[in-house]
Amino acid sequence: MKILEDINASVCGISPYQPGRPIEEVSRELGMEPEALVKLASNESPLGPSKKAVRAMKKAAADMHRYPEGGAWYLRRKLAELHGIDPGQLVFGNGSNELIEFIAHCFVRPGRSVVASAHAFVIYKLMTAMFGGDFIEVPMKEGLVHDLRAMRNAVREDTKVVFICNPNNPTGTMVKNRDIRGFMKDMPEDVLVVFDEAYAEITLKRMPDTMSYISEGRPVVVLRSFSKAYGLAGLRIGYGITSAGLAAVLEKPRQPFNTNRMAQAAALAALDDRAYIRRSRKTYREGARQLISCFERLGLEYIPPAANFVLLKVGDGDAVFGELQKLGLIVRPMAGYGLPEWIRISIGTEEENERCIRALCGVLE
Ligand SMILES: *Cc1c(COP(=O)(O)O)cnc(C)c1O
């Protein structure tokens, strides 16, 4: 078709994001019942959504003939109170992924660059390419930790955004307060620093305080998500916290009804379910121990996790991923993240972790 010759160059160069394989898709492919499959591939909650959120969704279902309130008034007020900020400092997205797109919309264009780690969340790279920017990938330190000093040094005249994914997906490492302070110290004021904290509520290590930079008036955005800690990945809702001025700018590319009515209701209810978060943290703490003791028994190299997923060195990541899948276990191969020898395993329930351990033993021994 003639029209296919006229696609925007920035879009042409994009290879689509490879998500963790959905249970439904693998079930169709392998001819296995969906119930027989275990998915530990997308860092989703193994506990299902909070019961409070489910109740709120059922109630909201009766109002689905109405458009949502674009500004997410109730959720906005609740989060502002929780974080001790003004409601105007929040921007909502169809998943925190959409916030990454808003940031690119506002600040990335040809002739500008974006800095991130070589093995960080790939959406930063995708969105930079989508808007024609230059993506600067900074090698990580020993142990697959962000090299914040190298990232600071990689900032050029034309750099507008730096993404720090913390804890980092997919490596599971966390950078500390002290290193962030050093990094922020002489960061130019015309560079936006984005802390992607999709796992903040369920980390196994203490989260650094990045909100303080916002109150100091630094150009910083903190991204949070309801997908991971709150078990609402299917609903697509996340948010950014920043200064009121920056929030007003990031709102501009936002479509009027980007977060839906049911998602807003569920998120609001989930925030009240502190017991759910406590249970999740316990699940991940114990699950991490369970998986790690297996890895050590098998003599496998792994990255000690700061969140609900573990990076494991298996040799040929794609091959092991394929073999595990045949046994009904879906994990994430890491070649797309420049880590072809590794797979990423999300921490599941005790039974799911046990399934994973048995499958790994079968495949690797
Ligand atoms: C899962 C994840 C997200 C995406 O979150 P959504 O709110 O579902 O869009 C963003 N950043 C990181 C680092 C993630 O791991």
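Let's start with a term: a polar contact is a pair of N or O atoms within 3.5 Å; within protein, one must be able to donate a hydrogen and the other to accept it, and residues adjacent in sequence count only if both atoms are side-chain atoms. Select Asp196 and the ligand: a polar side-chain atom of Asp196 sits 2.7 Å from a nitrogen atom of the ligand.

Before going on, note that this is a predicted model, where local features need pLDDT of at least 70 and side-chain atom pairs count only at pLDDT 80 or more, while totals for chains, interfaces and linings use all residues. Residues are numbered from 1 along each chain as its sequence is written, and side-chain values use heavy atoms, with hydrogens and water left out.

**Stop 1: the ligand**

Stay with the ligand and pick Ser227, which has a polar side-chain atom 2.5 Å from a ligand oxygen atom. Next pick Asn97: here a polar backbone atom is 3.0 Å from an oxygen atom of the ligand. How much of the ligand does the protein bury? Taken alone, the ligand exposes 380 Å², and the protein buries 95% of that (accessible areas come from the Shrake-Rupley method with a 1.4 Å probe; for residues, only the protein chains shown count as cover).

Now show the 13 residues around the ligand; Ser96, Tyr199, Ser225, Ser227 and Lys228 come nearest (a residue is near a molecule or strand if one of its heavy atoms lies within 4 Å of it). Colour this shell by class and you get four nonpolar, six polar and three charged residues. For the colouring, Ala, Val, Leu, Ile, Met, Phe, Trp, Tyr, Cys and Pro count as nonpolar, Asp, Glu, Lys and Arg as charged, and the others, Gly among them, as polar.

**Stop 2: a seven-stranded sheet**

Switch to cartoon view. Helices (H or I, at least four residues) and strands (E, at least two) are DSSP runs, numbered from the N terminus, and two strands pair if DSSP finds at least two bridges between them. Seven strands form an open sheet with mixed pairing, in the order β2-β8-β7-β6-β5-β3-β4. Select 90-93 and 134-138 to see the edge strands, β2 and β4, each pairing on one side only.

Zoom in on Val91, which stands opposite Gly240 in β8. Then select 96-107: this is helix α5, packed on the sheet and touching β2, β5, β6, β7 and β8, with its direction at about 155 degrees to that of β7. (Contact means heavy atoms within 4.5 Å; axes are lines fitted to C-alpha atoms, for helices over the stretch in contact, and angles run from 0 to 180 degrees between N-to-C directions.) Helix α8, residues 177-185, also packs on the sheet, touching β5, β6 and β7.

**Stop 3**

Most residues other than glycine have a negative phi, and most peptide bonds are trans. Go to the loop between β5 and α8, where you'll find Pro167. The peptide bond from Asn166 to Pro167 is cis, with omega near -10 degrees. Pro170 is in the loop between β5 and α8 too, and the bond from Asn169 to Pro170 is cis, with omega near 20 degrees. Finish at Ala72, in the loop between α3 and α4: this residue is not a glycine, yet has a positive phi of about 50 degrees.
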